[in-house]
Amino acid sequence: MGNRRFPLFVDLTGKKAVVIGGGTVGLRRAEVLADFGAEVTVISPSMVRKAVGVRYEERIYRSGDLAGAFLVVAAADDGSVNEAAGREARQLGIFFNRSDEPSDCDFFFPAICQGNGMVAGLVGDGSDHRRTAETAEKVRTILENGKDDTY
């Protein structure tokens, strides 16, 4: 396995998060961040839908949009936009995730598994997304049931 990632669980309450891209991936990540208390702004010229608890700026990303952010997720359809956001985030010392290029991420966005007062985040090495999703479903079942009855 390449660079292993340390699973750091952070209180996002009131912290600014910027998501660039209003597609399915960007909005799903925006919803998760908002669910964990982050103040989320999605920047995109178009949105596939609106997400609850998220602020929108329906326009293209511009340099300066990341000021004051704690973390950034770049999920635009345009790789050059994601790359530019990554450069800005690194210049500002902001945690950065790029949905289309795992090697350009400071952190991986995990599959979130919750139930019975517990939260687990699951990431793979990026080589088998289906396996990661299937494993996350098993963990969700365990957490929701409060016991391991999957075997």
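The legends below describe close-up views of a predicted model. Local features need pLDDT of at least 70 and side-chain atom pairs count only at pLDDT 80 or more, while totals for chains, interfaces and linings use all residues. Residues are numbered from 1 along each chain as its sequence is written, and side-chain values use heavy atoms, with hydrogens and water left out.

**View 1. The five-stranded sheet.** Five strands form an open sheet in the order E3-E2-E1-E4-E5, with parallel pairing. Helices (H or I, at least four residues) and strands (E, at least two) are DSSP runs, numbered from the N terminus; two strands pair if DSSP finds at least two bridges between them. E3 and E5 are the edge strands, each pairing on one side only.

**View 2. The pairing of E4 and E5.** Four bridges join E4 and E5 in the parallel sense. Leu71 stands opposite Phe95 in E5.

**View 3. Helix H1 and its buried side.** H1 covers residues 24-35. Its buried residues are Gly26, Leu27, Arg29, Ala30 and Leu33. They lie on the same side of H1 because they cover an arc of only 160° around the axis, the arc being that of the directions from the helix axis to the C-beta atoms. Buried means under 20% relative accessible area, exposed over 50%, and partly exposed in between (1.4 Å probe, protein chains only). Thr24 and Asp35, on the other side of H1, are exposed. Just after H1, Gly37 takes a positive phi of about 95°.

**View 4. Gln91 in helix H2.** Gln91 belongs to H2, residues 79-92. Gln91 is exposed, with a relative accessible area of 69%. The C-alpha atoms of Gln91 and Phe107 are separated by 16 Å.

Notes: The expected span of a helix is 1.5 Å times one less than its number of residues.
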